[in-house]
Amino acid sequence: MVKEKKKSPDRPDNTAFTQQRLPAWQPILSAGIVIPGFVLIGLAFIGIGVGLFITSRDIQVLEMDYTGTEASSDCNKCAITNTKNCMCSLDFNISTLFKGPVFFYYGLTNYFQNHRRYGVSRDDSQLYGDLTNFKDPSTDCKPYRVDSNGKPIVPCGAVANSMFNDTFKLYQNVNGQRNLVPFDGKGIAWWTDYNVKFRNPSVEPLKNAFNDTVKPLFWTRAVYELDFSDPSNNGFLNQDFLVWMRRAALPNFRKLYRRITEGDYKEGLPAGNYTLEISYNYPVLRFDGRKKVVFSNVSWMGGKNDFLGIAYLVIGSLCVVMSMVMLIVYAKFKFPEDN
Amino acid sequence: MLRRSLNRLLGGDERRVDNRTIYIGHQSFPVNEAFIPPKFCDNRIVSSKYTVWNFLPKNLFEQFRRIANFYFLIIFLVQVIVDTPTSPVTSGLPLFFVITVTAIKQGYEDWLRHKADREVNKSTVKVLENGEETSKESEKIKVGDIVEVTENDTFPCDLILLQSSRDDGTCFVTTASLDGESNHKTHYTVPDIERDLQSLSATIECEQPQPDLYKFNGRMHIYKNDQEPTVRSLGPENLLLKGATLKNTQKICGVAVYTGMETKMALNYQGKSQKRSVVEKSINAFLLVYLCILVSKALVCTTLKYVWQNKPGQDEPWYNEKTQKEKDTNLYLKMFTDFLSFMVLFNFIIPVSMYVTVEMQKFLGSFFITWDKDFFDPEIQEGALVNTSDLNEELGQVEYIFTDKTGTLTQNNMEFIECCIDGFQYKHRGACSELDGFCVTDGPVNKLQQKAGREREELFLRALCLCHTVQVKESTEQARSQGEDCIDQVDGLPVEDEALQPPQEERGFIASSPDEIALVKGAMRYGFTFLGLESKTMKILNRNKDVEMYELLHVLNFDPVRRRMSVIVRSRSGDTLLFCKGADSSIFPRVRQEEVERIRMHVERNATDGYRTLCVAYKHLSEEEYAQADEGLREARLALQDREEKLMAVYNQVETGMNLLGATAVEDRLQEEAAETMEALQGAGMKVWVLTGDKMETAKSTCYACGLFQKRTELLELTVRTLEDGGRKREDRLHELLSEYHKKAVQDAPPVKAGGSRGRFFGKQDYGFIIDGPSLSIVLSSSSESNSNLYKNLFLQICQNCTAVLCCRMAPLQKAQIVKMVKNCKGSPITLSIGDGANDVSMILEAHVGIGIKGKEGRQAVRNSDYAIPKLKHLKKLLLAHGHLYYVRIAHLVQYFFYKNLCFILPQFLYQFFCGYSQQPLYDAAYLTMYNICFTSMPILAYSLFEQHICIEFLLKNANLYSEVAKNAMLRWELFLYWTLLGVFHGLVFFFGVRFLFGNPALQDNGQVFGNWSYGTIVFTVLVFTVTLKLALDTRHWTWINHFVIWGSLAFYVFFSFFWGGIIWPFQKHQRLYFVFANMLSSVSAWLVIILLILLSLLPEILLVVLRKPRGPYARKKKMVQSSEGGLQSPRSPVRPLLMRTFSDESSTVI
């Protein structure tokens, strides 16, 4: 710029830019645009809202608390005593067909997975299969970094340590017989988590990678023993583990446990009596939490969520009402420049 | 012993001694004193601030002295030291960015300064050493060196002129780079110096360096072969300043007296004091509010955290145990660190980027003023100049305008109109001029045909020819082309024919004041031509084409206090004469009274016509009288202390008992479009005060001509004349008058609605107030404190209710006093001073905004101003268009910045209630950092540079639009509250909208659930879009840049989010956002909620825009009708046709 000035001394350039005369679009929100615009937006929103509302209404949800706080509950015995491998069951009845595929969630309340100290306490490099972090886990993992003997914990950190370890089996009671409802444990975690973000160390057999390490304190089995049957679901790639490692946003949350997609139950859970057998391990009463199981089917919008549909309907009708009000105002006062 | 005491005297106490002694050529003297070379600084100019070594620490220190930077540094340190939720990078990176950019900018500027310094310091100069010419680097010049300078070179240090190649011992100099005055100034050698400088043995005693460019006192002792040393006085006319350029002289020799950082140029180098704009004050106030919000948020969270933790099981559930260290920490310390952590988490509410954006907006925005071609004046080939960009928006807030008259309202383009000799009028113009009809009643005009005695006439003309400091210009090339221009003009305007001089006469003269040239030319018209000054001899070509020679003995310079100047000359016949010219008030008491009456009438009539009048007097000096005067003058000039006072006393003594010869009238025309400009400014609700050193009559007629006073304006006068009316004590009368006027203008008047000038359109009585210098000083410095305050209040109240105020006979300092008084009065209105001369500098510096006119009276005003424009008429666009737009832009910028950071941080605050007050950030660190730097900064910057909510033409046409933003209207607390509430509303919508959505976190059609980072990302996406679209809604003027930047920012956000989430970043400990954004976009619900929340947030805004819209143009149309009514009415002033063409002025600036 200095150079330019030297060339043509002091006379300002006569360009649209320097003279602040760039061609400009000056939007005018006149009634002629705004009122139809509002009506259109309003109608569109109402349309979407109706769609959402109906979709959400059609989604079936069955939510049951199995914490066992009440004495009548079968799980009460497990809740108050601290016995290991405590088994309890939960009976329930489905009156109409529960359309498939049915998704089986477990839920926790008053559980602060979004606590900062908790959330930080993990080592993503370790979970990426980095062996140096096996020997020397990140300091973030404190106080779940090493055990009392100074041996590194793998996977370290509070998140991994507190992995949900209740297990469930669902039986349908048909004529006094218990038919096991098959669970599908795949596809419950994010694809990218399973395929990219988490990796087992490339050591064969997997167990050897964990020499000189200890399992997390609260775990009964080491991470390489999570699923003996399926090596692709073992170690850090265990989908239950992956689901747990994705922290929930709010203190009351649910996480996907299994899908029911196979066999006779592909089309859904038929009406009838069911028993859910629970291996009750996870203590929640100490922090006044609750445990739930949720059966739900999903639609294009995900799980049941009335909020969206209602919000769309409300705002859509608000738009329409406002456009009506505006129309009246404009008709009454007839502002001269609105053509 | 003796030596030591001497040492102390000369060396150690050197700094405190008032004088310095310089040995020319470093020679020792045959005096018995021990020669101790005094220590002076070398001639190195150091304008740079830093060196390579101290740059980093010094620059960092400078930068962290800014309160904002310091705040961010503290936040950063807290993040480093305490275990905080966000990594130090989030606040460190922006801070680092800002600091680095500033450091680079300052470093670059300093490097340029180093380069310039080096260029100056390493340039070679010729120094005479032991009789030989040697070349030296400029920085090695020592005080006492004899330096040789050739034509068109600049002086390397402050020199005392010893020798000039011109015969008369003078040299010409321009000081364009010092004060911008490009005319040639004459400097003189010290008399009685031998041609051979080698054998010169002399010392100079002079004062210690001081910054005043126009003051210098010194004394030279010349030793000649054991004779008594001769003493010569040294004044500013002997001093050649560093930075000035030698002209018209082949070479000179001078001795260095001040070197390096002690030169007057270097001493003047300091920057001006910083002026702060109202907007900046508002920013600071808002900042305080936000700081309170920040602290209270942190407090609330800390408190609630500990309340919540007190419930059993919450503090430390089994799944989330504390580390040993945490358990050991003292509870109160924990609380404190928690508090700090929350502060850090929420600190983004006060964005470091706002300062950067505001600075950038101001810096870049000011280019539009320099670029504006409407400000370009083809005459002087210059446009507007911006000296500070800090005050752009202040231009849109002006309530009071203080304007100078000469050169500002008028052109300062002098033209000799008439003179009167012994009471007889000599008029060069055609007799049919309309002026004559007007003046028929005037007694002496009837004697128009009669003439004064020839002798008196010639004496008068000789006086005009001799009593001045005009030089004859030698180079002619440029002048000729100018002369041709003049001919063209003459052809175009035949009426002015006689007014303009023939071209060859036009070129001749150089003077620092245009009246002087006008007078010399006037004399030329009557047959007396000034030929020039050569070695103290003035040559005049008289009517008989004979050359008369006069020896110039003394020049008694002009100064604004005496308001006159004199010369003492000796004619060939041996008569010693004193000629004096000056303002009537300063001449009349010094001449015989019977002569006064004859002239006074003329002078007063001329003044009423708006001419600048000067009286001319002379005096014969007898031999004794002259000898006495000569001795007095020499003595006073040699004085080292109080020289001015002593000189003044001698001047006053000499200039007495003179004979009045006559008076002259010089016309100064109104500036182009002065009346239109004034009308527009008044229409914009500004009050115009004219502050002038001129006579009341002259100034009043100017005010009428510019339409400041109208025919129906009732004038309230508070002048010496009205004060002395009653024959009582002035102060009593003052009280009486003030109360009377107060009653009239304040109490009886209906309350003034916004905009002072509106009243005019509705038939309200207008008042104009006139006060003169002496009366003002009584008002300001009354005998008792309480009275003084009372008077001041009355005065201010009256003035506030007047449409225009005229203050005449003002000294420069009084001008500043008035500005200060208005500035500090109730409501502290924004003041603007505009002027062109050195006498306006004080008020330009005092006012909130100082405007300099690039006029003819040098460049001091321009140098000291904040903005400089070539003509008065440019003020209209500068204020009404540029000022208005800048204000609207920056006000919006400020409000928007606070708003966008409030709705940025509020969800983060709300999230604390859902995460056990654990300082869990809602957004990822990258988002926290980038939000203000990348995602939302450019659109608002573009807006604040290009927005024109009303187009420029419309702003210029409708001056009253200006008053819509007056009084900081867009940064009032109500509006701030509105924006804050809007921010809160948006923050609530963002957070709770997503919160309700997350009632069921299974948002994908495959039943998988979203985690906390998805939550934050959805909120953040809504936030970025809403905030940007909110700005889009506010933008009334969409240039391609706005489009590019707004849509570009949004696109960049999306692109960045994909990129950031698409890679496992090796340097990151936690891969929090891996594929979160992409996953979010695969969920229909997320899309729907984003659209919903954006619309919901903007809905009230759209409604407001729609509902407000019809009112805008509608009201504007009405106003247009109004103002055009006003426009029709205002020119209907009967006084105007006559005064339209006349102009006037100020006898105060004769030189």
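## Exercises on a predicted two-chain model

B:S828 is partly exposed, with a relative accessible area of 45%. Partly exposed is the band between buried (under 20% relative accessible area) and exposed (over 50%), using a 1.4 Å probe and protein chains only. The model is predicted: local features need pLDDT of at least 70, side-chain atom pairs count only at pLDDT 80 or more, and totals for chains, interfaces and linings use all residues. Residues are numbered from 1 along each chain as its sequence is written, chains are lettered from A and ligands numbered from 1 in the order in which they are written, and side-chain values use heavy atoms, with hydrogens and water left out.

### Exercise 1: positive phi

**Solution.** 
1. B:S828 is not a glycine, yet its phi is positive, about 25 degrees.
2. Helices (H or I, at least four residues) and strands (E, at least two) are DSSP runs, numbered from the N terminus.
3. B:Q919 also is not a glycine and has a positive phi, about 65 degrees.

### Exercise 2: cis peptide bonds

**Task.** Find which residue is joined to A:P143 by a cis peptide bond, and which to A:P205.

**Solution.** 
1. A:K142 is joined to A:P143 by a cis bond, with omega about 0 degrees.
2. A:P143 sits in the loop between helix 6 (132-135) and helix 7 (158-161) of chain A.
3. A:E204 is joined to A:P205 by a cis bond, with omega about -15 degrees.
4. A:P205 is in the loop between helix 8 (191-197) and helix 9 (239-245) of chain A.

### Exercise 3: aromatic pairs

**Task.** State how many aromatic pairs the whole structure has, then classify the pair A:Y111 and A:Y118.

**Solution.** 
1. The search over all chains gives 104 aromatic pairs.
2. The ring centres of A:Y111 and A:Y118 are 6.3 Å apart and the planes stand at 85 degrees, so this pair is edge-to-face. Rings of Phe, Tyr and Trp (its six-membered ring) pair if their centres lie within 6.5 Å; planes under 30 degrees apart are stacked, over 60 edge-to-face, and the rest tilted.
3. A:Y111 is buried at 0% relative accessibility. A:Y118 is buried at 0%.
4. B:W308 and B:Y917 are also edge-to-face, 6.2 Å centre to centre with 70 degrees between the planes.
5. This pair links distant parts of the chain: B:W308 is in helix 7 (residues 278-310) of chain B and B:Y917 in the loop between helix 32 and helix 33, 609 residues apart.
6. B:W308 is buried at 12%, and B:Y917 is buried at 9%.

### Exercise 4: strand 30 of chain B

**Task.** Describe the cover of strand 30 of chain B and name its partners, strand 27 and strand 29.

**Solution.** 
1. Strand 30 (residues 804-808) has five of its five residues buried.
2. One side carries B:A804, B:L806 and B:C808, the other B:V805 and B:C807; all are buried.
3. Strand 27 (residues 687-691) pairs with strand 30 in the parallel sense over four bridges. Pairing requires at least two DSSP bridges between two strands.
4. B:W689 has B:V805 as its bridge partner in strand 30.
5. Strand 29 (residues 767-772) runs parallel to strand 30, joined by five bridges.
6. B:I770 stands opposite B:L806 of strand 30.
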